[in-house]
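Subject: Handover of a structure

Dear colleague,

Please find below the structure that I am handing over to you. My findings follow it, and I would be grateful if you would read them alongside the model.

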Amino acid sequence: RRVAILISGSGSNMVALVESMTGDHPARPCLVLADDPHAGGIAKARALGVPVAVVDRRDHAGDRAGFEAALLDTLEAAQPDIICLAGFMRILSPGFIRQWEGRMLNIHPSLLPKFRGLDTHARALAAGEAEHGCTVHLVTEDLDAGPVLGQARVPVLAEDTDATLAARVLAQEHRLYPAVLERFARGRCTGPG
Ligand code: GRF
(Lines give C-alpha, C1' and ligand atoms only; values in the text may rest on other atoms or scores of the structure.)
Protein backbone atom coordinates (compact mmCIF):
# COMPACT_ATOMS: atom_id res chain seq x y z
CA ARG A 1 0.00 0.00 0.00
CA ARG A 2 1.25 3.51 -0.85
CA VAL A 3 0.90 6.19 1.83
CA ALA A 4 0.99 9.96 1.25
CA ILE A 5 1.53 12.10 4.35
CA LEU A 6 0.35 15.72 4.46
CA ILE A 7 2.15 18.11 6.80
CA SER A 8 2.20 21.81 7.68
CA GLY A 9 4.95 21.99 10.29
CA SER A 10 7.63 20.07 12.15
CA GLY A 11 6.44 16.71 10.85
CA SER A 12 7.27 14.69 13.95
CA ASN A 13 4.24 12.47 13.33
CA MET A 14 5.33 12.08 9.69
CA VAL A 15 8.76 10.91 10.87
CA ALA A 16 7.20 8.36 13.20
CA LEU A 17 4.97 7.07 10.40
CA VAL A 18 7.79 6.88 7.82
CA GLU A 19 10.13 5.13 10.24
CA SER A 20 7.43 2.57 11.06
CA MET A 21 6.91 1.50 7.44
CA THR A 22 9.73 -1.04 7.15
CA GLY A 23 10.15 -4.81 6.98
CA ASP A 24 6.89 -6.72 6.61
CA HIS A 25 4.78 -3.60 7.15
CA PRO A 26 2.23 -3.67 4.30
CA ALA A 27 2.69 0.02 3.47
CA ARG A 28 5.47 2.32 2.29
CA PRO A 29 5.55 6.13 2.16
CA CYS A 30 5.20 7.40 -1.42
CA LEU A 31 5.03 11.15 -0.77
CA VAL A 32 5.30 13.84 1.89
CA LEU A 33 3.26 16.86 0.83
CA ALA A 34 3.73 20.15 2.69
CA ASP A 35 1.50 23.21 2.38
CA ASP A 36 4.33 25.48 3.55
CA PRO A 37 7.79 25.59 1.91
CA HIS A 38 9.28 26.39 5.33
CA ALA A 39 7.79 23.36 7.07
CA GLY A 40 10.46 21.72 9.22
CA GLY A 41 9.22 18.32 8.13
CA ILE A 42 10.46 18.85 4.55
CA ALA A 43 14.12 18.40 5.43
CA LYS A 44 13.28 15.42 7.66
CA ALA A 45 11.36 13.71 4.84
CA ARG A 46 14.23 14.31 2.41
CA ALA A 47 16.70 12.89 4.94
CA LEU A 48 14.49 9.81 5.16
CA GLY A 49 14.56 9.46 1.38
CA VAL A 50 10.84 10.12 0.88
CA PRO A 51 9.74 12.13 -2.18
CA VAL A 52 8.61 15.62 -1.14
CA ALA A 53 6.22 18.04 -2.78
CA VAL A 54 5.16 21.50 -1.68
CA VAL A 55 1.84 23.11 -2.49
CA ASP A 56 2.27 26.50 -0.87
CA ARG A 57 -1.02 27.62 0.61
CA ARG A 58 0.12 31.22 0.15
CA ASP A 59 0.07 30.73 -3.62
CA HIS A 60 -3.66 30.09 -3.31
CA ALA A 61 -4.63 32.56 -0.58
CA GLY A 62 -8.39 32.98 -0.54
CA ASP A 63 -8.79 30.29 -3.19
CA ARG A 64 -9.40 26.99 -1.44
CA ALA A 65 -10.61 25.37 -4.66
CA GLY A 66 -7.34 26.27 -6.42
CA PHE A 67 -5.29 25.08 -3.47
CA GLU A 68 -7.13 21.77 -3.31
CA ALA A 69 -6.89 21.29 -7.08
CA ALA A 70 -3.12 21.65 -6.75
CA LEU A 71 -3.12 19.17 -3.84
CA LEU A 72 -5.16 16.68 -5.86
CA ASP A 73 -2.91 17.00 -8.92
CA THR A 74 0.16 16.41 -6.76
CA LEU A 75 -1.45 13.45 -5.02
CA GLU A 76 -2.62 12.04 -8.36
CA ALA A 77 0.98 11.89 -9.53
CA ALA A 78 2.01 9.91 -6.44
CA GLN A 79 -0.90 7.45 -6.65
CA PRO A 80 -1.38 6.88 -2.88
CA ASP A 81 -3.79 4.30 -1.52
CA ILE A 82 -3.94 5.99 1.89
CA ILE A 83 -3.55 9.61 2.98
CA CYS A 84 -2.33 10.45 6.49
CA LEU A 85 -2.88 14.02 7.72
CA ALA A 86 -0.10 14.62 10.23
CA GLY A 87 -0.02 18.08 11.74
CA PHE A 88 -1.74 19.30 8.59
CA MET A 89 -3.37 22.58 9.53
CA ARG A 90 -5.86 23.15 6.69
CA ILE A 91 -9.54 22.30 6.77
CA LEU A 92 -10.32 20.33 3.61
CA SER A 93 -13.55 20.85 1.70
CA PRO A 94 -16.33 18.23 1.58
CA GLY A 95 -15.51 17.71 -2.12
CA PHE A 96 -11.89 16.86 -1.39
CA ILE A 97 -12.83 14.63 1.52
CA ARG A 98 -15.46 12.77 -0.51
CA GLN A 99 -12.77 11.74 -3.00
CA TRP A 100 -10.69 10.20 -0.19
CA GLU A 101 -13.31 9.22 2.38
CA GLY A 102 -12.50 5.91 3.95
CA ARG A 103 -8.84 6.18 2.93
CA MET A 104 -7.79 9.38 4.75
CA LEU A 105 -6.67 9.36 8.40
CA ASN A 106 -5.95 12.18 10.81
CA ILE A 107 -4.44 12.43 14.26
CA HIS A 108 -6.02 14.86 16.68
CA PRO A 109 -4.47 15.76 20.05
CA SER A 110 -7.47 15.01 22.26
CA LEU A 111 -9.68 12.12 23.31
CA LEU A 112 -12.42 12.77 20.74
CA PRO A 113 -15.24 13.57 20.92
CA LYS A 114 -13.82 15.86 23.61
CA PHE A 115 -12.05 19.04 22.48
CA ARG A 116 -12.56 19.12 18.73
CA GLY A 117 -10.69 22.00 17.04
CA LEU A 118 -7.64 23.86 18.28
CA ASP A 119 -5.83 24.51 21.57
CA THR A 120 -6.87 21.15 22.94
CA HIS A 121 -4.26 20.97 25.72
CA ALA A 122 -5.08 24.37 27.19
CA ARG A 123 -8.78 23.49 27.04
CA ALA A 124 -8.24 20.14 28.75
CA LEU A 125 -6.29 21.85 31.52
CA ALA A 126 -8.90 24.59 31.88
CA ALA A 127 -11.62 21.94 32.11
CA GLY A 128 -9.75 20.19 34.91
CA GLU A 129 -9.55 16.90 33.00
CA ALA A 130 -7.86 14.08 34.91
CA GLU A 131 -6.80 12.50 31.64
CA HIS A 132 -6.20 13.60 28.06
CA GLY A 133 -4.71 12.03 24.96
CA CYS A 134 -4.90 11.66 21.20
CA THR A 135 -7.14 10.08 18.59
CA VAL A 136 -6.60 8.67 15.11
CA HIS A 137 -9.78 8.83 13.08
CA LEU A 138 -11.03 8.59 9.51
CA VAL A 139 -11.55 12.06 8.02
CA THR A 140 -15.13 12.97 7.24
CA GLU A 141 -16.82 16.25 6.38
CA ASP A 142 -17.46 16.97 10.05
CA LEU A 143 -14.28 18.41 11.55
CA ASP A 144 -12.55 16.02 13.97
CA ALA A 145 -15.65 13.83 14.06
CA GLY A 146 -14.94 10.81 11.87
CA PRO A 147 -14.98 7.16 13.00
CA VAL A 148 -12.33 6.60 15.68
CA LEU A 149 -9.65 4.07 14.74
CA GLY A 150 -7.54 4.34 17.91
CA GLN A 151 -6.89 6.39 21.00
CA ALA A 152 -4.08 6.77 23.54
CA ARG A 153 -4.56 8.22 27.03
CA VAL A 154 -2.20 10.16 29.29
CA PRO A 155 -2.72 11.44 32.85
CA VAL A 156 -3.02 15.18 33.43
CA LEU A 157 -0.67 16.11 36.27
CA ALA A 158 -1.29 18.89 38.78
CA GLU A 159 1.83 20.77 37.70
CA ASP A 160 1.12 20.43 33.97
CA THR A 161 1.31 23.37 31.63
CA ASP A 162 0.11 23.38 28.01
CA ALA A 163 3.66 22.55 27.00
CA THR A 164 4.22 19.63 29.37
CA LEU A 165 0.84 18.14 28.57
CA ALA A 166 1.34 18.64 24.82
CA ALA A 167 4.71 16.90 25.01
CA ARG A 168 3.22 13.93 26.87
CA VAL A 169 0.44 13.65 24.28
CA LEU A 170 2.81 14.05 21.32
CA ALA A 171 4.91 11.12 22.56
CA GLN A 172 1.76 8.99 22.48
CA GLU A 173 0.85 10.29 19.00
CA HIS A 174 4.17 8.93 17.73
CA ARG A 175 3.24 5.51 19.11
CA LEU A 176 -0.48 5.46 18.25
CA TYR A 177 -0.45 6.71 14.66
CA PRO A 178 2.04 4.07 13.35
CA ALA A 179 0.16 1.32 15.19
CA VAL A 180 -3.20 2.37 13.74
CA LEU A 181 -1.77 2.84 10.23
CA GLU A 182 -0.31 -0.67 10.22
CA ARG A 183 -3.64 -2.20 11.27
CA PHE A 184 -5.48 -0.02 8.76
CA ALA A 185 -3.09 -0.93 5.93
CA ARG A 186 -3.62 -4.61 6.73
CA GLY A 187 -7.37 -4.00 6.49
CA ARG A 188 -7.86 -4.88 10.12
CA CYS A 189 -9.15 -1.57 11.44
CA THR A 190 -12.78 -1.69 12.41
CA GLY A 191 -13.32 0.30 15.60
CA PRO A 192 -11.25 2.07 18.28
CA GLY A 193 -7.98 0.19 18.68
C1 GRF B 1 0.95 18.38 17.12
O2 GRF B 1 0.45 19.27 18.09
C3 GRF B 1 0.01 17.24 16.96
O4 GRF B 1 -0.73 17.06 18.14
C5 GRF B 1 -0.90 17.65 15.85
O6 GRF B 1 -0.15 18.52 15.02
C7 GRF B 1 0.90 19.11 15.79
C8 GRF B 1 2.21 19.06 15.08
O9 GRF B 1 2.52 17.74 14.78
N10 GRF B 1 -1.33 16.49 15.14
P11 GRF B 1 3.81 17.35 13.88
O12 GRF B 1 5.02 17.48 14.80
O13 GRF B 1 3.90 18.35 12.75
O14 GRF B 1 3.56 15.95 13.46
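The largest nonpolar core has 38 residues, and Ile5 and Leu105 touch the most other members of it. A nonpolar core here is a set of buried Ala, Val, Leu, Ile, Met, Phe, Trp, Tyr and Cys residues joined through side-chain atoms within 4.5 Å. Buried means under 20% relative accessible area, exposed over 50%, and partly exposed in between, with a 1.4 Å probe and protein chains only. Helix H6 (residues 162–185) gives this core its largest share, 8 residues. Helices (H or I, at least four residues) and strands (E, at least two) are DSSP runs, numbered from the N terminus. A second, separate core holds 22 residues, including Leu31, Ala70, Leu71 and Trp100. In soluble globular proteins, nonpolar side chains tend to be buried together.

Please note that this is a predicted model, in which local features need pLDDT of at least 70 and side-chain atom pairs count only at pLDDT 80 or more, while totals for chains, interfaces and linings use all residues. Residues are numbered from 1 along each chain as its sequence is written, and side-chain values use heavy atoms, with hydrogens and water left out.

Isoleucine 5 is in contact (heavy atoms within 4.5 Å) with Met14, Leu17, Val18, Met21, Leu31, Val32, Leu33, Cys84 and Ala86, leaving aside residues up to four places away in sequence.

The ligand

Which residues surround the ligand? They are Ser10, Gly11, Ser12, Asn13, Gly87, Ile107, Pro109, Leu170 and Glu173, each with a heavy atom within 4 Å of the ligand. The side chain of serine 10 places a polar atom 2.6 Å from a ligand oxygen atom. Serine 12 has a side-chain N or O atom 2.6 Å from an oxygen atom of the ligand. In asparagine 13 a polar backbone atom takes part, 2.8 Å from an oxygen atom of the ligand. The ligand taken alone exposes 360 Å², of which the protein buries 78%; accessible areas come from the Shrake-Rupley method with a 1.4 Å probe, and for residues only the protein chains shown count as cover.

The chain as a whole

The chain has 6 helices and 7 strands, and its elements run β-α-β-α-β-α-β-α-β-α-β-β-α from the N terminus on. Its radius of gyration is 16 Å, close to the 16 Å that the globule rule gives for 193 residues, so the chain is as compact as a globular protein of that length. That radius is taken over C-alpha atoms, and the globule rule is 2.2 Å times the number of residues to the power 0.38. The C-alpha trace spans about 50 × 45 × 30 Å along its principal axes. Of the 193 residues, 48% are buried. Among contacts between residues at least 6 apart in sequence, 61% join residues at least 24 apart. The chain exposes about 8800 Å², and carbon and sulfur atoms supply 53% of that area.

Individual residues

Asparagine 106 lies in strand E5 (residues 104–108) and is buried, with a relative accessible area of 10%. Beyond residues up to four places away in sequence, asparagine 106 touches Leu85, Thr135, Val136, His137, Val139, Asp144 and Tyr177. One of these, aspartate 144, is in the loop between strand E6 (131–138) and E7. Aspartate 144 has a positive phi of about 55 degrees although it is not a glycine, and it counts as buried at 8% relative accessibility.

The loop between E5 and helix H5 (120–126) contains proline 113, and the peptide bond from leucine 112 to proline 113 is cis, with omega near 10 degrees. Phenylalanine 115 is also placed in the loop between E5 and H5. Phenylalanine 115 has a positive phi near 55 degrees and is buried, with a relative accessible area of 15%.

Leucine 149, in strand E7 (residues 148–155), is buried at a relative accessible area of 2%.

Yours sincerely

Technical notes: A polar contact is a pair of N or O atoms within 3.5 Å; within protein, one must be able to donate a hydrogen and the other to accept it, and residues adjacent in sequence count only if both atoms are side-chain atoms.
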